[in-house]
Amino acid sequence: MKFLTNEKLTIVGAAGMIGSNMVQTALMMGLTSEICLYDVFLPEGVAEEMRQCGFGDVKITATTDVKEAFTNAKYIISSGGAPRKEGMTREDLLAGNCKIAEELGKNIKAYCPDVKHVVIIFNPADLTGLVTLLYSGLKPGQVTTLAALDTTRLQSALAKKFGVMQTEITGCATYGGHGEQMAVFGSHVKVAGRNLTDIIGTDEFTTEEWEQMKKDVTQGGAAIIKLRGRSSFQSPSYLSVEMIRSAMGGETFRFPAGTYVNTDKYKNIMMAMDTTIDADGCHYNVPQGTAEENAKLDASYEHLCKMRDELVTLNIVPAVSEWNKINPNL
């Protein structure tokens with residue numbers, strides 16, 4: 001079996017549904033010949049099933065020891081936080097999961113400071129990613145968060161509405177926070193070559209339908225919980241592995257990622273931007289849409305800042321002015 005790299009990939013939270021799906025996806029994609037499964041609950045059962053799949057020349061290890069898991073790791077994907085339950089928002093997980101993110105960041109600094117890329121997907125991902133980055137000491141482009149799921153939800157909703165393949169829905173993007181305050185951009189979308197903006201407001205797709213679709217997209221995670229009785233696991237697993245594949249120098253990641261942003265307008269925050277991920281890390285441009293879309297992005301940023309500042313009051317992170325003392329790269 002040919003692999004993209006022989007460097008170590010560590011999956012954090014590998015005993016769970018998201019983590020175990022990430023392991024299988026990474027192996028099916030042929031990402032690496034060395035993969036380590038880490039969880040506080042022994043993930044040996046997952047490892048044994050993966051071995052029994054017969055993937056071939058792959059070293060699969062499972063451990064509950066953080067030092068063993070992280071030592072020599074060059075890539076990490078972490079789903080190692082508490083999942084959402086019905087009736088919860090991503091923000092309800094803020095304090096507990098950000099403490100987990102703090103520990104994760106410190107473990108990275110202690111055991112694998114030369115890691116190349118880290119993908120964070122446990123909610124609220126913008127904040128857990130930010131905390132991980134702060135305490136890891138890594139450069140901003142080395143830590144990204146799962147934001148693509150919001151974009152794929154918009155893309156799939158439009159594809160269903162118009163009866164086309166998802167590949168025929170182009171220019172889809174959601175930016176800002178991975179939550180109900182995200183900014184849904186429709187101004188660059190084309191439906192089978194037609195501008196979405198030319199269709200909205202017609203009998204084919206009324207303004208009311210578009211507004212409801214945007215609301216449904218922002219609540220897509222809650223809809224999955226109602227449909228399946230548990231939070232999403234297959235879609236975040238697949239997309240996060242696609243992200244790490246791009247960081248390994250593989251196929252280009254197709255959707256926005258959450259990344260550390262520090263511009264004149266958006267300061268010291270992690271949020272979805274117009275991004276590319278490659279072997280040198282994550283690179284971003286600030287997206288530009290209509291005046292309404294830009295205002296939505298501004299509002300999403302403000303919401304994220306409030307949550308970031310709540311972490312300061314909870315003593316999970318120091319004041320932003322002190323961050324450079326913990327991570328000189330920020």
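Reader: Which order do the strands of the open sheet of three have?
Author: In this predicted model, residues are numbered from 1 along each chain as its sequence is written, local features need pLDDT of at least 70, side-chain atom pairs count only at pLDDT 80 or more, and totals for chains, interfaces and linings use all residues. Strands (E, at least two residues) and helices (H or I, at least four) are DSSP runs numbered from the N terminus, and two strands pair if DSSP finds at least two bridges between them. The pairing in this open sheet is antiparallel, and the order is 7-10-11.

Reader: Which strands stand at the edges?
Author: Each edge strand has a single partner strand, so one side of each is left without a neighbour in the sheet. These are strand 7 (169-170) and strand 11 (194-195).

Reader: Which residue in strand 11 stands opposite Lys 190?
Author: Strand 10 (residues 190-191) pairs with strand 11 in the antiparallel sense, over two bridges. Opposite Lys 190 stands Asn 195.

Reader: Is Asn 72 buried or exposed?
Author: Asn 72 lies in the loop between helix 3 (66-70) and strand 4 (73-78), and has a positive phi of about 70 degrees although it is not a glycine. Side-chain values use heavy atoms, with hydrogens and water left out. Buried means under 20% relative accessible area, exposed over 50%, and partly exposed in between (1.4 Å probe, protein chains only). Because its relative accessibility is 54%, Asn 72 counts as exposed.

Reader: Where is Pro 124 found?
Author: A cis peptide bond, with omega about -10 degrees, joins Asn 123 and Pro 124. Pro 124 is in the loop between strand 5 (117-120) and helix 5 (125-136).
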